[in-house]
Every structure is written in structure tokens, then in C-alpha cells.
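Have the model open and follow the points in order.

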Amino acid sequence: MEILTANQSLAHTPAPGLRHRTRAQPVNNDLPTTDNEEITQSTVTHQSLSGKTSAFSNHLIFVQTFLLVFAFRLFNVLMIRTFWQPDEYWQSLEIRGFAHPSIFVACYRFLHFLGLDDTEWLILGPKILQAFFASLTDCYTFMVASRYFGVGPARWSLISSLLSWFNFFCGVRTFSNTLETMFTVIALYYWPLPESNPNNQISYRDFRCALVIAVVGCLMRPTNALIWVFNGVQLAIRSRHTPRILVQITIDVVLVTYVVLAISGSVVIDHLFYGEIVLVPYNFVMSNIFSNIAVFYGTHPWHWYISQGVPVVLFSYLPVIFWIAHLDFRSAGRLSHSSSNIQPPSTALQRRKYMYSLLAWIISIYSMLGHKEFRFIYPIVPIGCILVGCALNKIAVAEKALRQINDAADPSTGDCQTLFRTVKRWFSPTRLKMVVFFLWITNTLAAYYLGMVHQRGVLDAEFYRYPHATNDHPGTAMDGILFLMPCHSTPYYSHIHRNIPMRFLSCEPPLGVDDRSKYLDESDIFYNDPISFIQTYFDGASLRTMNERRSSDSEPLLTVPGQTYSIRRCRWPSHVVLFDALLPRVEDLRLFRTSTNDQPGSFVYTECARFFNSHFHDDSRRMGDVIIFCKNVNALG
């Protein structure tokens, strides 16, 4: 189905329920050819929206486009079978502030209402909801491009968003960063545009709508405010010659952002769950930035985002972005050095330069933080897709003009000649086809390997555990699960939904610890000497019991030498999950017999399932397969 016709666009078309005025924009007839094409399309679009196309038709186009994208993202959900970051589960489905997890609470309640909270829909439900959010990100990437640059770049931007390996890999995961990215791109759609004419008026209705959406994004991740600091400062600079507008912008920012939403919204949501007044954004900033607790989970050099983060996230899109940036800055240089007929840069060029500046700001400001992750810069992906869309449209427009010249030079007519030219055009290796093929093949290979192969064993083990956790037959039922793995290596109760005692090696941050250099969490202590840890903190008598579900809270607390915390004594449950790399370090205990172990004697646990996890890993503790061991009834005595 054709997403858009020549006279139909979602440019500046509000999503259902968000209405505002549309404003026709003047055409700069002196623009360079490709930019003139973009702005002309944008202008025709605005005229068609105000005159020919009804609001109902615009909403229908939005719904049709969204449904097509949503169908693709549902396929995306089913294809993602790998584990990436613990925060996908432990900061959304399991724990933390409640502004983000409350969304999935509503999903679980809906499944409970349908009687499906006892099925695998418990696992699929949040993923389908996330596919909905990812589809909105795709659609609003298209709409921002359409509003900024016109129909042609918008179509290519949507294609780029759907092709992006990082969107495929990360977009349907339950990270707060995915919602942050969605709210960022939606707010950008309503944000006042950078104009070549500084006298253009600002729609306060759009501006306030953008503020509300941006603040919700900041509730998801407080660091998102860094992006809007840049946008706000840029808007203030553009409005510096009109004091009335500047005052109104300031009032809106203060009232809408800090008073109405950022404080009251967060406090109300978290108060409902914590039972007391808790400022989660404030605690987030104080703990992760000022107290620098985030560096406990890893530090990176200042250039990490430049040398690794951006090249991985944007991947093969990066050379295309460099190419169009080179053209834009070369064009801007020619305009600035022209001695006669001086004219301002085109609107499309000025808007792309604004996006380059926003990209540079995000990368620069996030590089100042010690703890860095790929997902932290996820908001640059829609911007990158829009710039790639502009580049592909430039190539398409240039090739279309070249074809028209060639057709005019070849006046031969007739059905056979026309058919021959059409077939030749489809199969000729044009520059556009080669670039699109390059982007498709590189992103598809990355999405396949990282989304379906690398670290899949962790989730395969989860799907194994779920049906066994529902089995109540004596001798085979789970009386508990122990994860002898680095902390947060798997999802937890979000994938079980059973009252089964489970235990994992914790990695609590050093809150209130003066000398952090000597701090070791429970996971560190275990991997420093697994045998000593087991002999010290595990209940040996529990090796000889079965089907005895006991809460770990009833076990005594044991002191940890040199640390300020205690470890609760651990019981040996019916099932133990670990990585293959651990087995050589605990083989002297003769606890675990694998399927390839033919040593004589009895072992307490026997391998009952094994899942391939990865060919390589940057953490040696997570090397090898994921193995599930079941307590051997015959070995109990």
C-alpha cells in the first residue's frame, strides 16, 4: 500500500487527540535544487492539509501507516531472542522508580482481567506494548522529517528507521531509554522549527504540547533534560529580538516543566507505590551524577561515545550522515564567502545544521559522564535516520533529474522502447540502489546476529523454567532456583510469576561506603573464590533435602569480613542455573555432573538442560553455555 501520495502527507499532522493549527510556510525560490525540492514538497503539503485534505483523511493516513509499522514491530518482537542489558528487566519489569514500571503494571492488570496472567502472554504482553511504543517512534520520525524537510525525505527517513539495526535490536526492549526516545521525537515534532526567517511566529499551543511531552520523557529518564536544555537555549537565542516571546517561553517552561509536571507528576506516582514522598528524579541525579554511584558499574574514557558508542549505534548510517554533512557545510561555506548576491542559507539546510548541532550536543554532554552505555544515546538514532533520509532523497532527486534528461535526449517512442527503458532502469546498478542495498545488508546482518544469536541462552533458559515451574508433580517440581551467575544475568519473577523461592548473587552499589576502593559486592566475593564462598555461606544440610520450599528470610545473616553488609545463608534448591565457565572452578566439590562428565561417583546435581549462549563475551564469567542443573534424587541421603 502506498503510504503517501504526492498531495498527502503527515507533515505537521497531529496524532489522534493532539490537535493544533497548521501554518503554511513561504517558499524560497532561490534555493539550491535539492533543497528547493524538499521545501516545495513541504509547502505543497501544508497547502493541501489546509485546503484539500480533511482532518479525518489525515488521521486515516496516520492510522494506516502506524498499523503497517506496528505489524513490522510485532514481527520484530518475535525475532528478538537474546539478552542484552539487565536494566531491560531490572529497571522496568522488576524494580526502581514507578513512573516507568507503572506502564507495565497496567499491562499485567489487563492480562489478569483477561485471565492470561498464567500463560506465556505474561512475557509477551510487555514486549507487545513496547512494540506499540517503538511504532510511535518510527511514525514520528517520519512526521518530524515530513514537517522539517518534506514528503520525499520523510519516506526515506521511515525506511531508514525500519532498517536500523539498533531500532530492531533495542526498540522493542523494555528499557526506559526506548520511551525516552519516543517522547523525545514526538516532542521534537511539536517544537518550534528553526527558520531562515527569524520573524516567524511561534505557536504557543504547539510549544506547550512539546513541553508536556518532553517533561514526561524526563520523568522516564531525568538525563533527557540535557537534550531540552539545548533546545530551550537555541529557542531563546532565536527569540532574543522579541522580548514578549522570550518572556512567554520562560513562563511556560517554569510553570509546565517544573511546577505542574516534573515535580507533582513524579511525586504523585511514586507516593502511590512507596507510601511516602519520594523524589525519584532528584535521587537519580544525586546518586548517579553528584555521588557518582553509576561508575560502580563501569567507567569509560571521555572519547568512548565518539570512538565506540556512535559508530555502533548508527553503524553503516554514519558514512551517509558524514556525506550529507559534508555537502551541507560546503554549501554553507560557499554562501558565506560569496561576495555578491548574498542570501541566507536555505531552510532545509538550516534545519539540518540544527540537527547536526543537536547530535554534537548530545554526544558531548553525555561524554562528560563517567558511566557510558550504548542505550544512553538512543535518542540520536531518530535524528540519524532523518539525516539519512535527507541524503537518500538527495540521491533520488538527482537520479530522477538525470533520467529525465536522458529520456528527453532519446525521443524514441513505442511500447517496446518504453518497456525496455523501464526494465533497464530497474536492473541498472544506480548509486541509490547500491547505497540502499549496503544499508540493508549491513543492518540486517547485525540485527540477526545480535538479536537472535548472541546471548540467547539466557532467555532460552527462562522459557525452559516457565513450564517446569508450573509442574506440581512430586520429585520433579521446583522448590527453588539458585542463579550462580553474575548479578542480574537473567530476568526474574517477571518471567516466572510463581511463588517459588529464588536467589541470585547480588551486586548492591556502595551506598554510604566511605572507602569504595575496598568495597566488594556479593558477586565479586563469590567469583574471587567460589569454593570458599560455597563452604562459608551455603547450608550443607540442604543438599540432602528435596521439595522443601522455605523463604530465604528465615536463614541467618552471616558477616562478611572487611565489608559493612551481611550475607544471608543460602540453601541448595532443586534447580541451579550457571554459566559453563564456572564449572572448572567448582569441580572439586563434585556438585554438578554435566552430560559429558563420566567421572565415577555420585553428584548432587545432574545437567537437565543446556542452551547455547554466545560465541564470545567481554565478561569471562559469562562465557560458554547456560546450564540448568536439577537435584539428583538418587544422590540424596
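**Notes on the predicted model**

1. Let's start with helix α21. The cover over its buried residues includes α20 (522–528), β3 (557–559), β4 (566–568) and α22 (583–586). Please keep in mind throughout that this is a predicted model.

2. Which residues of α21 are buried? In this helix, which spans residues 530–537, they are Pro530, Ile531, Phe533, Ile534 and Tyr537. These residues lie on the same side of α21, because the arc they cover around the axis is only 165°.

3. The protein chain has 22 helices and eight strands, and 50% of its 637 residues are buried. Among contacts with a separation of 6 or more, 76% are between residues 24 or more positions apart. The chain exposes about 29,600 Å², with carbon and sulfur atoms supplying 62% of that area.

4. Next, have a look at asparagine 224, in the loop between α9 (204–220) and α10 (225–238). Is this asparagine buried or exposed? Asparagine 224 counts as buried because its relative accessibility is 0%, and the cut-off for buried is under 20%. Its side chain has a polar contact of 3.2 Å with the side chain of glutamate 180. Leaving aside residues up to four places away in sequence, asparagine 224 touches Glu180, Thr184, Ala214, Gly217, Cys218 and Tyr366.

5. Valine 458 is worth a visit too; you will find this residue in helix α19 (residues 457–469). With a relative accessible area of 1%, valine 458 is buried. Apart from residues up to four places away in sequence, valine 458 touches Phe83, Ser489, Thr490, Pro491, Phe579, Asn613 and Val626. How far apart in space are valine 458 and valine 577? Their C-alpha atoms are 9.7 Å apart, while 119 residues separate the two valines in sequence.

6. Leucine 272 counts as exposed because its relative accessible area is 67%, and the cut-off for exposed is over 50%.

Definitions and conventions: Residues are numbered from 1 along each chain as its sequence is written. This is a predicted model: local features need pLDDT of at least 70, side-chain atom pairs count only at pLDDT 80 or more; totals for chains, interfaces and linings use all residues. Side-chain values use heavy atoms; hydrogens and water are left out. Buried means under 20% relative accessible area, exposed over 50%, partly exposed in between (1.4 Å probe, protein chains only). Helices (H or I, at least four residues) and strands (E, at least two) are DSSP runs, numbered from the N terminus. The arc is that of the directions from the helix axis to the C-beta atoms. Contact means heavy atoms within 4.5 Å. A polar contact is a pair of N or O atoms within 3.5 Å; within protein, one must be able to donate a hydrogen and the other to accept it, and residues adjacent in sequence count only if both atoms are side-chain atoms. Accessible areas come from the Shrake-Rupley method with a 1.4 Å probe; for residues, only the protein chains shown count as cover.
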